[in-house]
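Subject: Structure for you to look at, with notes

Dear colleague,

I am handing over the structure that I promised, and my notes on it follow directly below. Please read them with the model open beside you.

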Amino acid sequence: MKFVDKVTLKIKAGNGGPGGSSFRREKYVPLGGPDGGDGGKGGDVIFMAKPNLQTLMDLDMRRHIKAENGTKGGKKDQYGAKGQDFIVDVPCGTMIFNTDGDLIADLQNNGDRFLAAKGGKGGLGNARFSTSVNRSPRYAQPGMPGDEVVLTMELRLIAEVGLVGLPNAGKSTLLKALTRANPKIADYPFTTLYPNLGVLKTEDREVVLADIPGLIEGASEGLGLGLEFLRHIDRTRLLVHLVAASFEDPKQSWKDYQTVCSELKKSDLDIQSKPVIVVLTKIDIIIEEQKEAIQAEFVAHGVVILPISSFTREGLSELIPDILAK
Ligand SMILES: Nc1nc2c(ncn2[C@@H]2O[C@H](COP(=O)(O)OP(=O)(O)OP(=O)(O)O)[C@@H](O)[C@H]2O)c(=O)[nH]1
Ligand SMILES: [Mg+2]
């Protein structure tokens, strides 16, 4: 599946139908008055948030979106038909920007709607223009054009908790251990190419976790998969920063942690002011003394690190309440 989280589209609402111009024709009435009806209104283009979508892929394939035009007003004062609205389904968490880059809509919840382009009004039929001095006007109004806009849709997934760390830190494995999500996991970097969501369920709460692609040194300059994906954790209330245990050098884990922190700092988004739980992963591959040495390295820098293993589930019973509490 292609993950598309940014799309720019040309959007056109329907034009109003022109007003009709006609005259009544009745038996025994030689000069019937004007009876052209009004044109129908053009269809609107409306965006609507839907819960079962996770990407903007469908929109990416469209590029142009156009609602139906209204039809012409008819004889005998009949209104033209209204053009059909075009409803564009988007995932919850879709933000809509105009060409100046201003945020004009933020569709967070299922059913949230945004009128992106308003259909043009139908023109008035000639029946409307009859006056005491001109009882048989031929003039009818043209329909008004529908709005035409260029909008950019950006998806920012709605998750409470974001998992960050270097590639291979074990983010996807932890997501799998805590939720029913089934992300791809492998022992090479950049296994995760697009964000995965999972729901951590406890007795009385459901917390959505987002696993994003790994960050590397230089991500802020576009290396690896860059910092683009940080958008998806922009709205989280908490980060879980995963650092893999190193059995060669306790200082390596600290260096890894620093690398990710300094890339997060370079993001334009306000990621680093969020509360963080720092987690030491894969402790099943090291012995007790190594674990203590790594913890000591972090404590020396004033950082508390919680040791866990997604394989043996050690430490998860401390991590889960921490995630709920922070
Ligand atoms: N021994 C051990 N291996 C683990 C643990 N957690 C993850 N791994 C392994 O580490 C490798 C990377 O795990 P992933 O979960 O794919 O890592 P990631 O952080 O999602 O990596 P990217 O998606 O590339 O950023 C895989 O081979 C996992 O099986 C753990 O608790 N113990
Ligand atoms: Mg991954």
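This is a predicted model: local features need pLDDT of at least 70, side-chain atom pairs count only at pLDDT 80 or more; totals for chains, interfaces and linings use all residues.

E263 has its place in helix 3, where helices (H or I, at least four residues) and strands (E, at least two) are DSSP runs numbered from the N terminus. With 24 C-beta neighbours inside 10 Å, E263 counts as buried; a residue is called buried if 20 or more other C-beta atoms lie within 10 Å of its own, exposed if 12 or fewer, and partly exposed in between, with C-beta atoms placed from the backbone. The C-alpha atoms of E263 and I87 are separated by 39 Å, and the two residues are 176 apart along the chain.

Residues are numbered from 1 along each chain as its sequence is written, and chains are lettered from A and ligands numbered from 1 in the order in which they are written.

Helix 3 (residues 250-266) packs against helix 4 (residues 288-300) at an angle of about 45 degrees, and their axes are 8 Å apart; the axes are lines fitted to C-alpha atoms, for helices over the stretch in contact, and angles run from 0 to 180 degrees between N-to-C directions. Helix 3 is therefore oblique to helix 4, given that angles under 35 degrees count as roughly parallel, over 145 as roughly antiparallel, 65 to 115 as roughly perpendicular and the rest as oblique. The crossing of helix 3 past helix 4 is right-handed, the term used if the near helix is turned clockwise from the far one, whereas a left-handed crossing has the near helix turned anticlockwise by less than a right angle.

Turning to the sheets, strands of a sheet pair through backbone hydrogen bonds, either parallel or antiparallel. Two strands are taken to pair if DSSP finds at least two bridges between them. One open sheet has 5 strands in the order 3-1-8-5-6, with mixed pairing, and its edge strands, strand 3 (64-66) and strand 6 (103-107), each pair on one side only. Within it, strand 1 (residues 6-12) and strand 8 (residues 148-155) are antiparallel and share 7 bridges, with K10 standing opposite V150 in strand 8.

A further open sheet is formed by 3 strands in the order 4-2-7, and its pairing is mixed as well. Strand 4 (86-91) and strand 7 (113-117) stand at the edges with a single partner strand each, so one side of each is left without a neighbour in the sheet. Here the twist averages 30 degrees from one strand to the next. Strand 2 (residues 45-50) pairs with strand 7 in the antiparallel sense over 4 bridges, and I46 has L115 in strand 7 as its bridge partner.

Strand 11 (residues 206-211) pairs in the parallel sense with strand 9 (residues 161-165) over 3 bridges, and L163 stands opposite D211. Strand 11 also runs antiparallel to strand 10 (residues 196-201), to which 6 bridges join it; K201 has E206 as its bridge partner there, and a hairpin of 4 residues links strand 10 to strand 11.

Which residues come nearest to ligand 1? Of the 24 residues around the ligand, they are G170, S172, D187, T192 and G214, where a residue is near a molecule or strand if its C-beta atom, placed from the backbone, lies within 6 Å of it. Helix 2 (residues 171-178) gives the largest share of this shell, 3 residues. By class, the shell has 9 nonpolar, 11 polar and 4 charged residues, with Ala, Val, Leu, Ile, Met, Phe, Trp, Tyr, Cys and Pro counted as nonpolar, Asp, Glu, Lys and Arg as charged, and the others, Gly among them, as polar.

Two loop residues deserve a look. N168, in the loop between strand 9 and helix 2, has a positive phi near 75 degrees although it is not a glycine, and N168 counts as buried because 21 C-beta neighbours lie inside 10 Å. K76, in the loop between strand 3 and strand 4, likewise has a positive phi, of about 55 degrees, without being a glycine, but K76 counts as exposed, with 12 C-beta neighbours inside 10 Å.

With best wishes
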